[in-house]
Amino acid sequence: MKRFKFISFIFALFMFMVINVKAEVVKVDTADEIIQAFANGGEIELAGNINLGEFTGSKLVVPVDKDVVLDLNGFTISGKSNDEKANARLIENNGSLVINDSSAEATGKLTMDDTRKSLWKFAYGSYTIQNS
């Protein structure tokens, strides 16, 4: 009986620890930081406007096996395509992507300076865009 109580106690303690573990929110404000954060997956919060500069292809990529929750937090992610074939994308989602803006003003945005280019490519993954 004592052994059962001990095992029950250990199990309850383990469950308490698992439930109370929170994912760390990664705060980013540079292009290099956000590119790495997308590759790693997890919760990402903008701490400032980020200009990704000129690029071809996809700049921010959610890998197949990753989940990304992006909080724009009232800031802007911008980019400029230097691809004449219209293949440039700000975000390519192959995993799971949630985009929200937790700022009171809800002024966060994603922008590309060339209207021939797309903001994102949702290849295989799931996505949610919300205003929280």
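**Figure 1. Contacts of Asp71 in the predicted model.** Leaving out residues up to four places away in sequence, Asp71 touches Ile44, Glu45, Leu46, Asn100, Asp101 and Ser102. The model shown here and in the other views is predicted. Asp71 belongs to strand 5, residues 67-71.

Figure 2. Asp71 is buried but has no salt bridge. The nearest side chain of opposite charge is that of Lys27, 8.5 Å away.

Figure 3. Side chains of opposite charge can pair when their charged atoms come close. How many salt bridges does a search of the whole structure find? The search finds two. One of them joins Glu45 to Lys27, with the closest N and O atoms 3.7 Å apart. This pair links distant parts of the chain: Glu45 sits in strand 2 and Lys27 in strand 1 (residues 25-28), 18 residues apart. Is Glu45 buried or exposed? Glu45 is buried, at a relative accessible area of 18%. Lys27 counts as exposed, at 56% relative accessibility. Glu45 is also among the residues that Asp71 touches.

**Figure 4. The salt bridge between Lys80 and Glu54.** The side chains of Lys80 and Glu54 meet with N and O 3.7 Å apart. Lys80 lies in strand 6 (residues 76-81) and Glu54 in strand 3 (residues 50-55), so the bridge ties together parts that are 26 residues apart in sequence. Lys80 is partly exposed, with a relative accessible area of 37%. Glu54 is partly exposed too, with a value of 47%.

**Figure 5. The largest nonpolar core.** This core has 22 residues. Which of them have the most contacts inside the core? They are Ile34, Phe38, Leu70 and Ile77. The elements giving two or more residues to the core include helix 2 (31-40), strand 4 (58-62), strand 7 (89-93), strand 8 (96-100) and strand 9 (109-112). Strands 2, 3 and 5 are also on that list. Ile34 touches Val28, Leu46, Ile50, Leu52, Leu60, Leu70 and Ile77, not counting residues up to four places away in sequence.

**Figure 6. Thr76 in strand 6.** Thr76 is placed in strand 6. Thr76 is buried, with a relative accessible area of 15%. Its contacts, not counting residues up to four places away in sequence, are Leu46, Asn49, Ile50, Lys109 and Thr111.

**Figure 7. Glu43 and Val98.** Glu43 lies in strand 2. At 33% relative accessibility, Glu43 counts as partly exposed. Glu43 and Val98 are 55 residues apart in sequence. In space, their C-alpha atoms are 9.3 Å apart.

**Figure 8. Confidence along the chain.** The protein chain averages a pLDDT of 80, and 68% of the residues score at least 70. Which element has the lowest mean pLDDT? Helix 1 (residues 2-20) does, at 54. Strand 2 (residues 42-46) has the highest, at 97. Where pLDDT is low, the predicted coordinates should not be read in detail.

Notes: Residues are numbered from 1 along each chain as its sequence is written. Side-chain values use heavy atoms; hydrogens and water are left out. Helices (H or I, at least four residues) and strands (E, at least two) are DSSP runs, numbered from the N terminus. Buried means under 20% relative accessible area, exposed over 50%, partly exposed in between (1.4 Å probe, protein chains only). Lys and Arg count as positive and Asp and Glu as negative; His and the chain ends are not counted. A salt bridge is a side-chain nitrogen of Lys or Arg within 4 Å of a carboxyl oxygen of Asp or Glu. Contact means heavy atoms within 4.5 Å. pLDDT is the predictor's confidence in each residue, from 0 to 100. A nonpolar core is a set of buried Ala, Val, Leu, Ile, Met, Phe, Trp, Tyr and Cys residues joined through side-chain atoms within 4.5 Å.
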